[in-house]
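I opened this entry to look up how the two chains meet, and I note each term with its cut-offs as I come to it.

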2 protein chains.
Amino acid sequence: MNWELTENGFNSEKIAHLGNKFLTGNGYMGIRGTLDEFDSRDLVAVNLAGIYDQVGNSWREPLNAPNGFYSYLIVDGNVLKVQDNAPKEHFIKLDYRHGIFKRHTEWTTKRGNIVLESERFVSMDDVHIGVEKYKITADFHADINFLTGIDGDVWDINGPHYDEIIMDEDDCISIVGISHEKKYHVAVSVSEDENFPCEKKIILKKEDKKIIKSLNFVSDINKCYEIHRFMAIYTSKDCENPLDNAKETAINIRNKGYYELHDEHCKCWESIWSNSEVEIEGDDDAMEALNYSCYHLNSISPRHTDSLSIAARGLSGQTYKGAVFWDTEMFILDFLLMTNPKVARNVMKYRIDTLDGAKEKAKSYGYDGAFYAWESQEGGYDACSDYNVTDVFTKRPMRTYFKDKQIHISAAIVYGIGRYIDLTGDMTILSEGGAETIIECAKFYYDLLLKKVSGGYYELHDVIGPDEYHERVNNNGYTNRMAKYTFEQAVKVIDSIDELNEQYAIKLCKEYNLKQLKEKFEMAERNIYIPQPNENGIIPQFDGYFDLEDVSVNTVRSRLLDSKEYWGGANGVAAHTQVIKQADVVTWLTMFPDDVSDEIKLKNWQYYEPRTEHGSSLSACMYALLACKCGMKEKAYPLFMKSASADLNEGGKEWAGLVYIGGTHPAAEGGAYMVAIKGFAGIYFEDGKIKAKPDLPKAWKKMRFHICYRNKKYKIEIEDNNANIVEI
Amino acid sequence: MNWELTENGFNSEKIAHLGNKFLTGNGYMGIRGTLDEFDSRDLVAVNLAGIYDQVGNSWREPLNAPNGFYSYLIVDGNVLKVQDNAPKEHFIKLDYRHGIFKRHTEWTTKRGNIVLESERFVSMDDVHIGVEKYKITADFHADINFLTGIDGDVWDINGPHYDEIIMDEDDCISIVGISHEKKYHVAVSVSEDENFPCEKKIILKKEDKKIIKSLNFVSDINKCYEIHRFMAIYTSKDCENPLDNAKETAINIRNKGYYELHDEHCKCWESIWSNSEVEIEGDDDAMEALNYSCYHLNSISPRHTDSLSIAARGLSGQTYKGAVFWDTEMFILDFLLMTNPKVARNVMKYRIDTLDGAKEKAKSYGYDGAFYAWESQEGGYDACSDYNVTDVFTKRPMRTYFKDKQIHISAAIVYGIGRYIDLTGDMTILSEGGAETIIECAKFYYDLLLKKVSGGYYELHDVIGPDEYHERVNNNGYTNRMAKYTFEQAVKVIDSIDELNEQYAIKLCKEYNLKQLKEKFEMAERNIYIPQPNENGIIPQFDGYFDLEDVSVNTVRSRLLDSKEYWGGANGVAAHTQVIKQADVVTWLTMFPDDVSDEIKLKNWQYYEPRTEHGSSLSACMYALLACKCGMKEKAYPLFMKSASADLNEGGKEWAGLVYIGGTHPAAEGGAYMVAIKGFAGIYFEDGKIKAKPDLPKAWKKMRFHICYRNKKYKIEIEDNNANIVEI
């Protein structure tokens with residue numbers, strides 16, 4: 001495979017899509033695949049991880065930094081921007097082996113042709129820096145004016161977030177944006193190195209928040225003029241004086257020069273790929289889609305800190321509030337655990353470190369324990385609002401219950417910690433707060449348990465499961481099963497108190513009556529109601545599910561009066577039918593395949609799949625995984641490809657009314673990885689060993705990949721459905 | 001007071017309203033106050049009690065009988081109907097002392113003036129009959145054609161209900177309608193007696209389901225021609241051959257003649273008034289409105305059977321499906337108990353006899369015990385649908401939860417039986433199924449009780465209280481309090497098993513483990529959670545009520561985008577505010593005034609009243625009653641008048657889109673009676689005695705009325721807030 005995407009020609013309608021598809025990032029920042037001359041109207045974003053701002057009553061969202069890669073050409077007095085001046089030839093490329101974005105554009109002017117080429121990357125070696133190389137070549141004596149600088153007019157969904165923009169010029173140019181809510185400083189400095197025959201450089205401070213250098217010269221015929229630009233970004237979350245740091249860095253890296261930085265960057269990527277590349281012989285499409293998915297996951301993995309998670313739309317912008325959803329634990333974590341356990345630790349540590357936020361959230365509802373944020377931002381603050389959807393008919397905000405009823409989120413955290421320990425063998429995370437996290441999550445579910453006075457099981461009422469189209473249901477099977485798992489994990493933790501750090505163990509013993517808690521959790525684990533298959537082998541998704549209208553997804557779709565109306569909510573078209581948004585029972589059976597026989601798994605897959613809209617990018621991979629477990633790789637394959645291609649293909653939901661909701665789909669990408677490795681390659685872990693029951697798609701002749709497991713690295717080769725697992 | 005309503009002039013827009021206001025009825029049938037020449041388009045109805053029919057998937061609704069009072073005049077070839085031919089003079093009157101409807105209309109024709117007068121009543125003496133007297137006088141030699149017959153083209157909301165219409169002519173004319181669903185026969189026969197100088201009578205069987213006699217003669221100048229018409233109605237619920245019975249009766253009563261029938265009828269009414277008239281000296285408006293309310297209640301009280309209840313819209317038509325709501329037990333029963341205990345017994349017997357329906361309903365939801373119908377028809381069938389409201393924006397049916405979540409209905413039945421026994425002293429009703437009813441209702445609530453596994457009270461979740469604007473709430477105070485009452489009553493019944501009929505007691509002992517049930521119910525009664533006043537003395541209507549937006553009724557109203565949109569439901573304008581539809585906590589405190597101090601009652605009245613839309617005619621009287629208990633008769637008075645005038649005044653909700661939802665308001669009428677007797681007159685019952693704490697409105701110099709209590713009748717006079725209670 002050539003590890004390269006190419007998009008030929010310019011089409012303004014594709015700006016949003018390509019911004020995601022050609023994204024480059026390093027876990028600290030993500031830069032959308034937009035062109036040098038683009039501005040906020042074209043959804044340019046230098047999206048920063050883990051730093052948020054709120055303006056007024058709008059959603060709190062992550063900050064975009066001023067764009068240090070802003071540049072455009074004026075030739076013979078004509079502005080050459082692709083939007084306004086159609087190029088003769090134009091393409092962009094993404095080298096997704098190394099996260100390098102390239103553009104090539106040729107314009108024809110009255111006097112001749114001029115070519116602009118550039119390539120840029122944000123460094124994997126030093127997450128604060130990004131560099132870009134431009135080349136300008138004209139086949140005539142062009143009067144060239146190259147304008148290049150920093151654009152502080154940042155694209156915001158709910159901004160503007162910078163109350164103040166400070167410009168600075170020195171050996172480099174800089175912009176500092178001061179954020180509204182917490183007065184964060186976000187400093188961007190850019191230095192440059194060029195071979196332009198300019199007489200002077202003029203610095204323009206423009207009213208529209210741009211600081212720009214104007215470089216003017218007349219070109220020789222067919223001579224290539226080159227400029228390298230060196231950008232550094234620091235915020236007040238990184239250091240005390242972000243501007244100083246940014247300036248210093250921008251100067252320093254200029255001294256290193258483009259090519260050395262480029263080499264260091266590529267080395268890092270090669271090291272990353274040595275763990276995460278998946279080779280598939282016989283199916284280039286699948287191999288490319290899968291590795292492209294891994295590229296995105298690698299681009300957004302937080303390596304630079306020890307406690308940060310991954311947002312649901314990665315670093316592709318402010319969509320979904322830059323918040324962390326259950327996506328991380330349920331869909332992305334496996335990729336991290338198998339390819340980069342250190343990052344897996346970071347994302348789980350983020351949850352442990354936001355336990356206080358989760359306890360506060362629980363308390364605000366009158367609950368005990370920890371109720372994790374549905375949309376988690378700094379400190380575990382839940383960015384999810386009570387009114388998440390706008391009624392298309394009345395334009396009124398519609399009360400939704402994602403925040404208050406989707407209680408399965410806390411169990412996802414416990415599941416994440418559990419899997420982290422299982423795959424890494426690293427118990428230290430428990431002593432760093434993990435044990436408390438698990439206990440508090442169990443306390444949360446315990447407090448919610450209801451029991452009929454007349455007797456019976458313990459039940460969980462008035463919840464939303466993964467399928468959000470059915471609100472306020474009782475005994476959602478997935479939720480109850482996850483609560484049961486949480487109780488089990490809490491009991492395990494209490495049982496293993498002696499293995500924890502002593503100081504921490506003493507703290508826990510002081511804080512909790514562990515004996516009593518253990519008894520309660522054991523009772524809860526034994527008595528919680530787990531919906532059972534009916535006479536046809538089908539598990540009801542929740543109480544009364546089978547009483548709902550049994551109708552096809554297409555019939556439900558045909559009832560829409562407005563293509564944008566919400567399927568869920570109390571009155572949505574799906575709400576009173578058996579049509580569901582995404583895998584729910586199937587997610588449960590995928591996670592806990594031993595709960596039922598293979599026959600029951602198959603029956604449930606067959607029942608629920610045609611009733612699933614797959615309205616979430618989280619759905620296809622769960623169906624694919626269970627299909628693999630049921631021996632239906634041919635059913636799994638298209639779902640796998642759908643999941644792996646979530647960001648390759650156009651056509652995802654990008655706009656909700658006037659609000660941009662597009663972006664990359666890390667959960668689908670992580671899901672695709674899971675299907676490849678755990679589904680087709682059949683990798684599983686048992687008795688401290690990696691095992692495999694491969695069942696590759698027909699076309700897949702060979703599969704080769706590496707896996708980290710319990711502090712060791714393994715090379716795995718699969719051929720003829722035999723797995724060769726070698727420690728390296 | 002003159003016991004007469006008059007409406008002068010004809011206005012087609014008032015047809016619906018006057019049809020209710022001038023209704024006459026006898027508990028078996030109700031005839032709307034429409035004119036002789038009106039037909040189904042003018043909402044003519046001869047509404048029958050307790051006989052229902054369903055067509056297709058539409059609501060099941062009570063049958064309207066063919067209209068035996070259909071008549072109109074043709075003079076000199078011109079049809080004289082008020083709608084088409086504007087009268088010179090026109091008025092209608094209602095003698096509501098005796099339930100006699102009168103009309104007087106004078107038309108001017110080219111050759112002179114002609115007057116049509118009629119009066120009609122449905123007999124209180126024999127509920128199957130109705131008679132009408134017509135007088136025709138012209139001041140010229142008019143060529144009169146009087147067309148009179150039976151109109152089988154019946155007004156239906158969800159009909160047509162008669163698959164077949166059979167016409168019959170003999171000594172009288174008849175129509176039999178055969179209903180769609182259960183093939184009920186509804187037979188109407190009419191005979192007549194007249195002094196018209198007709199040469200012949202022609203019988204026309206018209207295609208539009210009318211059988212008509214055409215009586216033709218030329219009138220003498222100023223001579224009054226009179227015709228008496230004798231109608232009889234029987235259905236197959238009354239007898240085997242309804243047509244035979246109707247014909248025979250129509251002939252027989254003609255032999256008696258109009259005046260004898262009239263006298264017998266009036267005697268019955270006088271007897272009724274001897275129990276139910278309320279005299280108020282000093283406030284004619286109040287006295288008239290109150291007695292007019294009593295008139296309606298008397299007109300719809302089922303005296304002709306021993307097991308029938310009263311529909312929410314009385315006998316004014318098919319609105320609200322002719323179904324029995326909690327209105328009967330909570331708002332009407334007190335009037336019946338104090339003025340006609342026999343009818344009170346009938347309505348409670350109806351509930352006891354529909355226990356099987358209630359048990360079936362409970363079973364259909366997987367509950368134990370008896371869950372009474374929210375909209376009860378024959379056999380306790382719940383006519384309430386899951387989709388009761390149409391979304392005005394999408395025109396889609398909207399899922400409502402009146403039927404499945406308004407569990408307080410069963411307690412209303414128990415409350416009714418309890419009050420019946422308390423006020424009549426008649427324990428026999430327990431042995432006729434009342435005991436079982438109470439036990440089954442208690443079993444129902446017991447089965448619904450939830451308890452947190454972590455401990456605490458018994459709770460009732462996911463209900464709707466009287467305030468229907470807030471759906472699916474937990475621990476609605478009213479509901480929990482009524483459940484507690486139900487448990488108490490059930491324990492009482494079990495304790496008094498020895499006082500029941502021996503056979504019945506044995507049956508109960510066989511059917512139930514009474515000892516165990518008693519223990520359970522005692523536990524439940526002790527442990528059920530009853531919301532307590534907060535630091536401001538206000539009782540939350542349900543869990544989390546105070547967290548809702550606290551905003552005025554007018555603000556909520558101002559948010560309506562469409563005047564017809566529903567305030568409740570998941571997304572209604574009131575749903576997420578503290579604005580409520582009707583008395584809820586206030587209903588509880590009215591019913592159980594000893595639960596809290598007078599100060600708390602007052603505080604709750606003051607808190608909830610301004611937050612109440614009074615969107616139901618059941619609201620004002622509860623607020624008035626509690627205002628009386630709080631010593632605020634001046635606040636109670638306008639609410640009392642609102643309640644008493646519910647059917648006098650125009651302006652009630654009459655149409656929901658294209659569906660007529662108007663009709664009479666028996667619950668408001670019963671509520672007005674409660675306010676007068678239990679509020680202002682301060683009547684209460686203690687230690688087997690009638691007692692009074694009167695606090696009359698200022699203008700009320702004296703109040704005089706009778707009350708039945710424990711098989712005795714009392715005359716009560718109140719003056720200067722002293723009550724003189726004398727057994728008579």
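By buried area I mean the accessible area, taken with a 1.4 Å probe, that two parts lose on being put together, summed over both. The model is predicted, so I kept local features to pLDDT of at least 70 and side-chain atom pairs to pLDDT 80 or more, while totals for chains, interfaces and linings use all residues. Residues are numbered from 1 along each chain as its sequence is written, chains are lettered from A in the order in which they are written, and side-chain values use heavy atoms, without hydrogens and water.

Extent of the interface. I found about 2500 Å² buried between chain B and chain A, with 53% of that area given by carbon and sulfur atoms. On the side of chain B, B:Arg396, B:Val453 and B:Asn571 lose the most area to chain A, together 26% of what that side buries.

Salt bridges. I counted four across the interface of chain B and chain A, where the rule asks for a side-chain nitrogen of Lys or Arg within 4 Å of a carboxyl oxygen of Asp or Glu. I also looked up the side chains of A:Arg396 and B:Glu565, which meet in a salt bridge at 2.8 Å, N to O.

Symmetry. After superposing by least squares on the C-alpha atoms of residues with pLDDT of at least 70 in both copies, I noted that a rotation of 179 degrees with 0.1 Å of shift along its axis brings chain B onto chain A, with an RMSD of 0.1 Å. The two copies are therefore related as by a two-fold rotation axis. In chain B, the C-alpha of B:Lys451 comes closest to that axis, at 2.6 Å.
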